[in-house]
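Me: I would like to learn how to read a few features of a protein model. Please take them one at a time.

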Amino acid sequence: MDLKAELRAFLEEENVQPPVWGRSDCSATPVMWARRLGYDVRLPTYSSREEAHGIIARHGSLVAAWDHFLAGTGIVERFGEPELGDVAVVDTRLYGQVGGILARGRILAIRRDEGGFAWFGPVRQFEKVWALS
């Protein structure tokens, strides 16, 4: 599989879809990417920002929530330099912790509430990176 071409196709497909909480937000989009690569990742059901934040609060942080949902899937923490197609959480000044997919370099594709993706980076400090490649 050509990971770069596959990621480009995924991002282009998702870019034209309206964002929906629980299906294509900043956590669900990386999960859909992981599924596309063959990983069996499940998220709890939620349909609003408030419900998503409730799930995160129960786990203590977005990183802790992702750790919980990725456990047992074969997706593990990436130590060292992030790679194309990995998923990660970063801490932002405006929005707190957000998740995304590593594009090129240390650039993170983050699903925007308004639709499309924000290209965040280059990221100096990741909260955590999980290896999908």
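Me: What volume does the largest cavity have?

Reply: In this predicted model, the largest cavity has a volume of about 90 Å³. A search of the whole structure finds one cavity of 30 Å³ or more.

Me: Which residues line the largest cavity, and how do they divide into nonpolar, polar and charged?

Reply: The lining includes Ser 27, Pro 30, Val 31, Ala 34, Trp 66, Phe 69 and Leu 70. Val 41, Leu 43, Ile 75 and Val 87 are also among the lining residues. Ten residues of the lining are nonpolar, one is polar and none is charged.

Me: Which helices each supply at least two residues of that lining?

Reply: Helix H2 (28-36) and helix H4 (62-70) each do.

Me: How do the axes of H3 and H4 cross?

Reply: Two packed helices are described by the angle between their axes and the distance between the axes. Here the axes of helix H3 (residues 49-59) and H4 come within 7 Å and cross at roughly 85°. H3 is therefore roughly perpendicular to H4. From H3, the contact is made by Ile 55, Ile 56 and His 59; from H4, by Leu 62, Ala 64, Ala 65, His 68 and Phe 69. By class, this contact has six nonpolar residues, two polar and no charged.

Me: How many bridges join strands S4 and S5?

Reply: In a regular strand the side chains alternate between the two faces of the sheet. Strand S4 (residues 108-111) and strand S5 (residues 117-120) run antiparallel and are joined by four bridges. Arg 111 has Phe 117 in S5 as its bridge partner.

Me: What lies between S4 and S5 in the hairpin?

Reply: Five residues lie between the two strands of the hairpin. Gly 115, in the turn, has a positive phi of about 110°.

Methods: Residues are numbered from 1 along each chain as its sequence is written. This is a predicted model: local features need pLDDT of at least 70, side-chain atom pairs count only at pLDDT 80 or more; totals for chains, interfaces and linings use all residues. Side-chain values use heavy atoms; hydrogens and water are left out. On a 1 Å grid over the protein atoms alone, a cavity is a set of points where a 1.4 Å probe fits but cannot get out, and a pocket is an open set with protein on both sides within 12 Å along at least five of seven lines; lining residues have an atom within 4 Å of a point. Grid points are joined across faces, edges and corners, and a volume is the space filled by probe spheres set on the points. Ala, Val, Leu, Ile, Met, Phe, Trp, Tyr, Cys and Pro count as nonpolar, Asp, Glu, Lys and Arg as charged, and the others, Gly among them, as polar. Axes are lines fitted to C-alpha atoms, for helices over the stretch in contact, and angles run from 0 to 180 degrees between N-to-C directions. Angles under 35 degrees count as roughly parallel, over 145 as roughly antiparallel, 65 to 115 as roughly perpendicular and the rest as oblique. Contact means heavy atoms within 4.5 Å. Two strands pair if DSSP finds at least two bridges between them.
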